[in-house]
Amino acid sequence: MTTFLSLEPVRVLLYLVGVCAFVGANAAYLVLAERKGAGRIQRRPGPNEAGWAGILQPLADGAKLLAKQVMAPPGTDGLLYRLAPLMVMAPPLMCLVTIPFGEHLVARNINIGLLFVFAFGSINVMALMLGGWASRNKFSIMSAARVVSQNVAYEIPMLLVVITMLMVTGTLDLNEIVTQQSGGFWNWNVLRGIWDFKAGHIGANPLMPVTFVIFYICMLAETNRAPFDMAEAESELVAGAFTEYGGMGFGVFFMAEYANIVVGCSVATVLFFGGYESPIGILSGGLWGTAWFLAKAYALIFTVIWVRWTFPRTQFYNLLNLSWKILIPISLVTLLLTGVMMKVPMLLHRLF
Amino acid sequence: MSLFSVIRETLFGFKSLIVGMRITALEAAKPIKTVQYPHDTLPMPARFRGHIQLVLDPVTGRPKCNACTVCEKACPSGCIDLDGLKREGDKRKSVSKYLLDFTKCSLCGSCVEACPSDAIEFSRQYNVVSLSRTTFDNMDLYAKAEAEASEWTKNHPAPAEAVVAASAVPEDGLKPALPSAPAA
């Protein structure tokens with residue numbers, strides 16, 4: 001049985017089915033969680049009529065979207081218009097390949113996993129841009145332009161932060177990054193930068209929590225989530241790049257948005273919060289590891305929802321100012337600081 | 001702007017974000033305010049203006065109205081049509097017909113103000129809806145008051161002498177006024 005499961009085609013098939021199911025279930029129930037969370041924050045119950053406490057609402061929404069006709073308005077670029085929803089869905093599915101949900105629960109652990117995730121994560125903007133362009137709608141094109149400038153602006157601090165992380169971890173292998181953080185929450189990267197308990201000396205970057213905040217803000221901006229949802233901006237651009245989409249074409253864009261959030265929060269968990277390692281040192285390994293991973297990732301995901309229903313949408317120039325004037329300088333400072341703190345002791349050691 | 005003021009501003013801005021997050025988290029922890037309308041309803045406010053209705057006398061359980069027609073004259077839209085008759089054993093006239101054309105009524109309240117015996121009031125009926133106009137252009141408020149009156153007598157068992165009086169119910173089915181306040 002195990003040999004059968006480890007056959008390459010079976011493995012690929014299992015991965016495809018599993019990831020598609022995971023992404024689909026996440027998209028469906030995160031929409032519900034989003035609406036419930038919005039409700040709680042505004043002191044109303046949210047959807048609660050379909051099933052117990054609205055538990056069947058995603059099925060009703062899905063059935064409604066599936067029953068709708070996907071029609072391309074006249075004048076659109078037919079091929080790109082139909083291709084955009086597929087293209088927007090592919091990157092998060094690819095990114096989930098390398099994310100270790102548990103010690104052995106990873107579709108394919110490659111030693112450049114982190115690079116892989118960011119390589120595919122950056123394609124996401126292409127799909128939104130093509131969708132907006134192909135729709136032949138002023139709002140969509142404006143939204144496409146916004147998406148591109150926003151993603152270009154936020155890709156930079158995000159990758160600078162990731163480079164800082166790389167200098168600390170010394171590897172691109174996500175599984176290894178996680179195992180480095182084993183033993184308890186004080187060994188997680190977010191705290192290890194301040195004081196390295198395993199090595200027993202000062203850590204590589206005391207600004208590591210700031211680094212995490214920058215990563216998180218960039219993740220919000222990259223996934224076009226409020227307060228940076230300039231791509232959708234329903235009060236200014238109708239529905240932005242999705243204006244001309246209906247039915248499941250529209251639904252797929254939303255699935256992709258939630259899948260991107262899941263990927264972003266999973267990567268944040270792996271990089272900063274010890275992935276599947278237990279925060280208390282015991283109860284680790286096997287399914288416990290997966291449970292810890294999911295608990296951490298969903299805590300971050302619910303924070304995304306919490307952030308969305310707390311802050312109003314930023315203005316576009318403020319969004320770009322935040323990136324170019326604040327996030328990029330700070331991430332450069334953390335990068336430099338990490339370099340100095342890692343290399344200067346080595347230099348001193350060599351000199352004396 | 002100096003570097004330090006930029007840093008201070010950034011930190012201050014970040015703190016304001018945390019404050020905002022704290023506020024929404026605290027709001028989320030508070031109980032839900034929504035009233036699930038078809039399942040639960042709020043009590044109507046005391047001064048809600050629904051369509052008018054006849055007031056029952058809390059002592060006798062009969063409509064207070066003595067058919068003086070002041071309300072009919074006070075109504076600027078002419079939507080009240082009422083009539084009264086003098087029943088056996090009564091000293092005064094009492095209402096026997098009270099039709100309201102609610103399609104014309106603007107809920108101005110002149111009738112309620114004009115009534116010398118406080119015999120009409122606004123109801124708390126807010127979900128007035130129908131598929132046909134005829135439901136509201138001839139609302140029989142007298143029949144409604146009669147139904148309430150018979151409900152009232154069921155809940156207020158008559159004292160012994162009243163039962164004797166009730167045996168002499170006239171042929172038109174109208175019960176005589178109950179003589180005294182019931183025990184309940």
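Start by selecting A:Ser140, which sits in helix 7 (residues 138-169) of chain A. The model on your screen is predicted. Is A:Ser140 buried or exposed? At 0% relative accessibility, A:Ser140 counts as buried.

Now show what surrounds A:Ser140. Skip its neighbours within four places in sequence, and A:Ser140 is in contact with A:Gly132, A:Ser135, A:Gly240, A:Ala241 and A:Thr243. A:Ser140 and A:Glu232 lie 92 residues apart in sequence. In space, their C-alpha atoms are 9.0 Å apart.

**Stop two: A:Arg225**

Move to A:Arg225. Look for it in the loop between helix 10 and helix 11 of chain A. Helix 10 covers 208-222 and helix 11 covers 234-237. The relative accessible area of A:Arg225 is 1%, so this residue is buried.

Which residues does A:Arg225 touch, leaving aside its neighbours within four places in sequence? The contacts are A:Glu34, A:Leu220, A:Glu257, A:Tyr258, A:Ile261, A:Val304, A:Ile305 and A:Arg308.

Keep A:Glu34 from that list. Side chains of opposite charge can pair when their charged atoms come close. Here the side chains of A:Arg225 and A:Glu34 meet in a salt bridge, at 2.9 Å from N to O. This pair links distant parts of the chain, 191 residues apart. A:Arg225 is in the loop, while A:Glu34 is in helix 2 of chain A. A:Glu34 has 3% relative accessibility, so it too is buried, as is A:Arg225 at 1%.

**Stop three: helix 2 and helix 13**

Select helix 2 (residues 8-41) and helix 13 (residues 286-308), both in chain A. Their axes are 10 Å apart, and the two helices pack at an angle of about 45 degrees. That angle makes helix 2 of chain A oblique to helix 13 of chain A. The crossing of helix 2 of chain A past helix 13 of chain A is right-handed.

Show the side chains in this contact. Helix 2 of chain A brings A:Phe22, A:Asn26, A:Leu30, A:Ala33, A:Glu34 and A:Ile41. Helix 13 of chain A brings A:Leu294, A:Tyr298, A:Ile301, A:Phe302, A:Ile305, A:Trp306 and A:Arg308. Colour them by class: 10 are nonpolar, one is polar and two are charged.

Keep helix 2 of chain A.

On the helix 2 side of chain A, pick A:Phe22, A:Val23, A:Gly24, A:Asn26, A:Ala27, A:Leu30, A:Val31 and A:Glu34. On the helix 12 side of chain A, pick A:Met255, A:Tyr258, A:Ala259 and A:Val262. This contact has nine nonpolar, two polar and one charged residues.

**Stop five: another salt bridge in chain A**

Select A:Asp229 and A:Arg313. The two form a salt bridge, and their closest N and O atoms are 2.9 Å apart. The partners are 84 residues apart. A:Asp229 lies in the loop between helix 10 and helix 11 of chain A. A:Arg313 lies in the loop between helix 13 and helix 14 (316-351) of chain A. A:Asp229 is buried, with a relative accessible area of 5%. A:Arg313, at 22% relative accessibility, counts as partly exposed.

**Stop six: chain B**

Turn to chain B. How many helices and strands does chain B have? There are five helices and five strands. Along the sequence they follow the pattern α-β-α-β-β-α-β-β-α-α. Chain B has 184 residues, and 29% of them count as buried. Of the contacts in chain B with a separation of 6 or more, 68% join residues 24 or more positions apart.

Now select B:Asp81 and B:Lys97. Their side chains meet in a salt bridge, at 3.2 Å from N to O. B:Asp81 is in strand 2 (residues 80-86) of chain B, and B:Lys97 is in strand 3 (residues 93-100) of chain B, 16 residues apart. B:Asp81 counts as partly exposed at 31% relative accessibility. B:Lys97 counts as partly exposed at 33%.

**Last stop: the network**

Return to chain A and select A:Glu34, A:Arg225, A:Glu257 and A:Arg308. Salt bridges that share partners join these four residues into one network. Over all chains, a search of the whole structure finds 10 salt bridges.

Methods: Residues numbered from 1 in each chain as written. Chains lettered and ligands numbered in written order. Predicted model: local features only at pLDDT ≥ 70, side-chain atom pairs only at ≥ 80, totals over all residues. Heavy atoms only, no water. Axes fitted to C-alpha atoms, helices over the stretch in contact; angles between N-to-C directions. Helix = DSSP H or I, 4+ residues; strand = E, 2+ residues; numbered from the N terminus. Parallel < 35°, antiparallel > 145°, perpendicular 65-115°, else oblique. Left-handed = near helix turned anticlockwise from the far one by under 90°. Contact = heavy atoms within 4.5 Å. Nonpolar A, V, L, I, M, F, W, Y, C, P; charged D, E, K, R; others polar. Buried < 20%, exposed > 50% of the residue type's maximum accessible area, 1.4 Å probe, protein only.
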